[in-house]
There are 6 protein chains.
Amino acid sequence: MAEVAKYKEVAKFFEDFEIGETRTTAGRTITEADFVMHAMHSGDWMPHHTDAEWCKTQPFKEPIIHGNATFSISTGLCIQGEPLNPHGMSYGYDKIRYPKPVFAGDTIQVKITVIDKRDHPKQPSHGLITEEKITTNQNDEVVCVAHHVIYVEKRHP
Amino acid sequence: MAEVAKYKEVAKFFEDFEIGETRTTAGRTITEADFVMHAMHSGDWMPHHTDAEWCKTQPFKEPIIHGNATFSISTGLCIQGEPLNPHGMSYGYDKIRYPKPVFAGDTIQVKITVIDKRDHPKQPSHGLITEEKITTNQNDEVVCVAHHVIYVEKRHP
Amino acid sequence: MAEVAKYKEVAKFFEDFEIGETRTTAGRTITEADFVMHAMHSGDWMPHHTDAEWCKTQPFKEPIIHGNATFSISTGLCIQGEPLNPHGMSYGYDKIRYPKPVFAGDTIQVKITVIDKRDHPKQPSHGLITEEKITTNQNDEVVCVAHHVIYVEKRHP
Amino acid sequence: MAEVAKYKEVAKFFEDFEIGETRTTAGRTITEADFVMHAMHSGDWMPHHTDAEWCKTQPFKEPIIHGNATFSISTGLCIQGEPLNPHGMSYGYDKIRYPKPVFAGDTIQVKITVIDKRDHPKQPSHGLITEEKITTNQNDEVVCVAHHVIYVEKRHP
Amino acid sequence: MAEVAKYKEVAKFFEDFEIGETRTTAGRTITEADFVMHAMHSGDWMPHHTDAEWCKTQPFKEPIIHGNATFSISTGLCIQGEPLNPHGMSYGYDKIRYPKPVFAGDTIQVKITVIDKRDHPKQPSHGLITEEKITTNQNDEVVCVAHHVIYVEKRHP
Amino acid sequence: MAEVAKYKEVAKFFEDFEIGETRTTAGRTITEADFVMHAMHSGDWMPHHTDAEWCKTQPFKEPIIHGNATFSISTGLCIQGEPLNPHGMSYGYDKIRYPKPVFAGDTIQVKITVIDKRDHPKQPSHGLITEEKITTNQNDEVVCVAHHVIYVEKRHP
């Protein structure tokens, strides 16, 4: 059988991450179709997202997309075009906040910064890296903050 | 204009939440179509999720769904059929973990438990409730843990 | 194996239904994405729904969503959050009408009323309940009428 | 502006329909993705359709697709490639039944027969045509029956 | 087993195609949802299609749909309602061009013309037919040109 | 307004392309859901792709995905993670062929090779680059060949 689907890898050990390292992603405009797609797939049809009449009676006056949609799309933006790191894997999230709503027509983008490095409490061979992912809209307002924790092998445990 | 989309409301103040309260959701079988749908909408086509040949070379041997897909679908399960609480709103998440993978064909279900109540650090009128959402598969294995924080008005601040 | 996906059940025998009983659903705004989604899934690309230029030459001047889309979405609204009834199952529909068109941006909601109870012609153990589902738009205009027949076990046949 | 989207028309007055006229459609295999797509778009996640574990405890042992999905897809099959009739429009349905379930992997096809012609009760210029649409699976079992009523202009009122 | 999914066939040999033969398709309005759907399914999230802010800095000022989306949808329009030809099969394309962009809200339609007939270089039993598919928008501007080659059996090789 | 959605650019003039340059993409497993998604979005429900019963009577015995689906997904694979080239833009395709079918469960990958450079016939400031995109399956069989033409500015016209 052939050598199929070889992925670009960039080996990065725990020691190779530096606090303050940063990168930014592409942007993506959130459309009304994205509201429908997330409501459909998650099954979350709360009126805040999909009932325009009810929204007129609320502070924001129009539908706002599900926080988790912003979060999932932000995660996707962070991953597109990134190489695989054979020494790391996703460990989870330590915090997610949605400080401002996202409306149909807004364009979001994510900035990723390494904000923490620490030993793993039980595995001396590995450490935990925290990346802060700040999603902003076209007016530079923060619409999502996510602290992503990555479990990374140490070069010299 | 008519009275449209009146939502079932259950008023629940901060004082009304009790640590240990619990409820469970419906179940949902995760299909191959759900893998494709989440990859499509998030734009996250990492080979762990959508390259079956590459997965054969990995520990799990077959594709596993994106953690965020499990998280979003779990959130949807928690919300379906729930009334609105006019005194509360989602504040964010304090922790998300994916202890075990979810494969195509697995059926997930969520159990929600109130695990914490605390005053809001700055707003004396409100408190913060933490609900732990434990998603399990058909073998009772935990596949997702999420700590959801809700910002709730106090009846007697 | 674990006790998975236990559904909320509300046992309701034939005798428990009363003509005139009523309930209303949540609302949902019909977006352009819903037009595309229904056309895609059903394969019905009639110009009334998806050719805006041709629609300009017609009485309604703009695309109207497929009647069956309104019907399916109305059915979904009726079901969300409803408990299972172990004594009943869907028997079919006796009538569906679409008195007014639904345009992109309209918000629909359904009102369900029990309008008929009758014995099943052949099964003395069961009866037939008819629920009228009236879908209205944000201006209180009726856009869909569906008579749903449910086959329900009798407590005392 | 250009002559865009000219549709094939076949003028057919009330007098031109004959009881017993028949035609058959193409076939379509119902996939697991169709279950997900209909559940997503309608918002109907009843366990009969999307909880494979629960279905194991039920008579059919595996998920069955929503009746309305079969109905919508059948309607789409009936319409593909059909010309427009400038003298007719859909009036609604007089009956829908789902005698047998449809499972993932089944292939459905529709046979359409004109079964009734009658005057419109109030409009002497028009009549009502009833087409019976019988959807069968690959074993020739009937899985959906729908009586479609069409409102058609008379050539000689 | 039943006779399922019998397709309308129109037998057309190589000799039956005439240069200059032409037909036109139905129209379809390209919506914002179509942009999202094609980006999702292809995984092509180039900013020209899905980043409205970036597009404001570009010559077209707003997103333009992927050329391949226009091409795929045009192909779909050409096929709807067409009979099968048991003597022909698609061989590929000899040219695709996208002379003008397609914006959300544009309505496209396709005109198909037989522009070439030639012997197959190696198979004397078959020939190659080239159909030119010209996709235009509502202003009669050409937005896609595709030369489709069909491999067709000869009646008298 | 903020600096949003800044894209990674790699400036590459006509002179910078070399015949024989090559790169490969990630892989993607084609699922049954991809068949449905492409049929849905394009509106192409030919039985070769979506009628499993009819396919049993044909040489391949099971459904094969639309050639244009393979082509669109291959294009998406080629683009993910690629920087923008401010000096180039897509000009079209000179050839597309589908030598072997793609079945559900196959995993595809694309290899891109620069195979031609030529002056533009009318614009001395620009040239045309041809990239050959060869899509293979997990058995190294070629399933799609596409000659993509790019219109690129010259550094020294």
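Between chain A and chain B the count is 2 salt bridges, a salt bridge being a side-chain nitrogen of Lys or Arg within 4 Å of a carboxyl oxygen of Asp or Glu. This is a predicted model, in which local features need pLDDT of at least 70 and side-chain atom pairs count only at pLDDT 80 or more, while totals for chains, interfaces and linings use all residues. Residues are numbered from 1 along each chain as its sequence is written, chains are lettered from A and ligands numbered from 1 in the order in which they are written, and side-chain values use heavy atoms, with hydrogens and water left out.

**Interface of chain A and chain B**

- One salt bridge joins the side chains of R97(B) and D94(A), at 2.8 Å from N to O.
- The elements giving two or more residues to the side of chain A that touches chain B are α1 (32-42), α2 (47-50), α3 (52-55), α4 (67-79) and β2 of chain A, where helices (H or I, at least four residues) and strands (E, at least two) are DSSP runs numbered from the N terminus.
- Helix α4(A) gives the largest share of that side of chain A, with 8 residues.
- By class, the side of chain A that touches chain B holds 15 nonpolar, 11 polar and 9 charged residues; here Ala, Val, Leu, Ile, Met, Phe, Trp, Tyr, Cys and Pro count as nonpolar, Asp, Glu, Lys and Arg as charged, and the others, Gly among them, as polar.
- In the contact, defined by heavy atoms within 4.5 Å, chain A takes part with 35 residues and chain B with 36 residues.
- About 3200 Å² is buried between chain A and chain B, and carbon and sulfur atoms give 57% of it; buried area is the accessible area (1.4 Å probe) that two parts lose on being put together, summed over both.
- H41(A), N68(A) and R97(A) supply 19% of the area that chain A buries against chain B, more than any other three residues.

**Strand pairing in chains A and B**

- Strand β2 (residues 88-97) of chain A and strand β2 (residues 88-97) of chain B pair in the antiparallel sense over 2 bridges, and two strands count as paired if DSSP finds at least two bridges between them.
- Y93(B) is the bridge partner of I96(A) in β2(B), and the bridge partner of Y93(B) in β5(B) is H148(B).
- Within chain B, β2(B) pairs with strand β5 (residues 142-153) in the antiparallel sense over 8 bridges.

**Chains E and F**

- An open sheet of 10 strands, with antiparallel pairing, has the order β1(E)-β3(E)-β4(E)-β5(E)-β2(E)-β2(F)-β5(F)-β4(F)-β3(F)-β1(F).
- Its edge strands, each pairing on one side only, are β1 (22-29) of chain E and β1 (22-29) of chain F.
- Strands β2(E) and β2(F) run antiparallel and are joined by 2 bridges, with I96(F) as the bridge partner of Y93(E) in β2(F).
- Strands β4 (residues 126-136) and β5 (residues 142-153) of chain F pair in the antiparallel sense over 11 bridges, and G127(F) stands opposite V152(F) in β5(F).
- In the contact of these two chains, 35 residues of chain F meet 35 residues of chain E.
- The count between chain F and chain E is 2 salt bridges, and in one of them D94(E) and R97(F) have their closest N and O atoms 2.8 Å apart.
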